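User: I have a structure to go through before a meeting. Could you walk me through it?

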There are 2 protein chains.
Amino acid sequence: MSSDPPGFELPLRLFLAFRVLIDELHAELARQGHPDARPMHGFVLQAIMRGGDTAVELGRTLGVSKQAAGKTVETLERLGYVERAVDPRDTRRRVVRLTARGFDMLERSARIFDDLRGRWAAELGEERLRALEADLRRVTPPDVFRLDVPGWFGGQ
Amino acid sequence: MSSDPPGFELPLRLFLAFRVLIDELHAELARQGHPDARPMHGFVLQAIMRGGDTAVELGRTLGVSKQAAGKTVETLERLGYVERAVDPRDTRRRVVRLTARGFDMLERSARIFDDLRGRWAAELGEERLRALEADLRRVTPPDVFRLDVPGWFGGQ
DNA sequence: CTACGATGGTCAACGTTGTTGTCCATATAG
DNA sequence: CTATATGGACAACAACGTTGACCATCGTAG
């Protein structure tokens, strides 16, 4: 017997679930004073904190060219989320640092994500949610931060 | 006590899980004679079958402008996945139809997705996988096809 | 100390994929 | 018959990625 759900439903649900969380995050972030934050920005700010402190390094972490990383940093700088300073030990490097506003966005994001997770826990039960997270960990690569996200969708 | 996992892990895992499936799908599709298929194409072909039989209609279904939908159809036509014919009842309309190759890709995709789901079932157990699918259904909108996917990520 | 290769950063040109605005042909309603 | 709505195409533009070229600076090997 094969009363299994069709395989194509799984990726769709995974993507929709992801979208639901991200969309609610940004709706809430907009309400809390960060209307310009885009889905990428949070990832990039996180990436900056974990060792990607120059454009080149950031590009490597994110899996894009240094030029693309540079443009993104420029955008984040314009939005007031990061600032750049010259490294006194190596005047070629322009060190990227989160501003207070950048940290604020990251903290709010963390709190909102925790809140959203709490809502799912209320809906599904903490047990089931933990099981879901554990299962997802088993089918995904361990390093959560190697997303290679930029525009991997699309492309003709 | 709050030994709950941080909330930000959930969206990341959902996205990574989605990516794993899609990447493996396209690696396998490439092996099976569809190296040019892109993640979007499958969705669009599906959308064409469920009632989006002109560029305008397709644009509405996908949540993009009719011009963008037209360009996508053009690409799919160039790749041999769809063909266009004039509607004899309304000579303004250019009806989009899947070619044999288009159906072939869709059928292969369905089989590959079923196979991937089977692998997850072997890894997690059929019970857990069903529970995971059931849980995802509870936290996502019922209409799976209203993705609004095109480039909703990114944007500076 | 100097010269050279490696590295960080920027500028420029281009490709892809979306957008809006405009226009034309055709269908349909009054 | 005429006016409005609709399908479709063309053009210009924007966002975001790419590659290639170039410059300044660092580190090291002679």
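**Fold and contacts**

Analyst: Please note that this is a predicted model. Within chain A, of the contacts with a separation of 6 or more, 48% are between residues 24 or more positions apart.

User: And what is chain A built from, how many helices and strands?

Analyst: Chain A has 6 helices and 2 strands. Read from the N terminus, the order of its elements is α-α-α-α-β-β-α-α.

User: What share of the residues in chain A is buried?

Analyst: Of the 156 residues in chain A, 33% are buried.

User: Let us turn to the strands. How do β1 and β2 of chain A run?

Analyst: They run antiparallel: strand β1 (residues 82-87) of chain A is joined to strand β2 (residues 90-98) of chain A by 6 bridges. The link between β1(A) and β2(A) is a hairpin through 2 residues.

User: Which residue does Glu83(A) stand opposite?

Analyst: Glu83(A) faces Arg97(A), which belongs to β2(A).

User: Changing topic: how many residues of chain A are in contact with chain B?

Analyst: The contact involves 49 residues of chain A and 49 residues of chain B. On the side of chain A that touches chain B, the elements giving two or more residues are α1 (9-31), α2 (39-49), α5 (100-124) and α6 (126-139) of chain A.

User: Which one gives the most?

Analyst: That is α1(A), with 13 residues on the side of chain A that touches chain B. By residue class, this side of chain A comprises 30 nonpolar, 7 polar and 12 charged residues.

User: How are the two chains related?

Analyst: Chain A is superposed on chain B by a rotation of 180° with 0.0 Å of shift along its axis, and the RMSD is 0.1 Å. The two copies are therefore related as by a two-fold rotation axis.

User: Why do you say the copies meet through the same surface?

Analyst: Because 100% of the interface residues of chain A are also interface residues in chain B.

User: Last topic, helix α5 of chain B. How many residues does it have?

Analyst: Helix α5 of chain B (residues 100-124) has 25 residues. From its first C-alpha to its last it reaches 36 Å, close to the 36 Å expected at 1.5 Å a residue.

User: Which of its residues are buried?

Analyst: The buried residues in α5(B) are Gly102(B), Met105(B), Ser109(B), Ile112(B), Phe113(B), Leu116(B), Arg117(B) and Trp120(B).

User: What follows the helix?

Analyst: Gly125(B) follows α5(B), and the phi of Gly125(B) is positive, near 95°.

Notes: Residues numbered from 1 in each chain as written. Chains lettered and ligands numbered in written order. Predicted model: local features only at pLDDT ≥ 70, side-chain atom pairs only at ≥ 80, totals over all residues. Helix = DSSP H or I, 4+ residues; strand = E, 2+ residues; numbered from the N terminus. Expected span 1.5 Å × (residues − 1). Buried ≥ 20, exposed ≤ 12 C-beta atoms within 10 Å, placed from the backbone. Contact = placed C-beta atoms within 7 Å. Nonpolar A, V, L, I, M, F, W, Y, C, P; charged D, E, K, R; others polar. Least-squares fit on C-alpha atoms with pLDDT ≥ 70 in both. Pairing = 2+ DSSP bridges.
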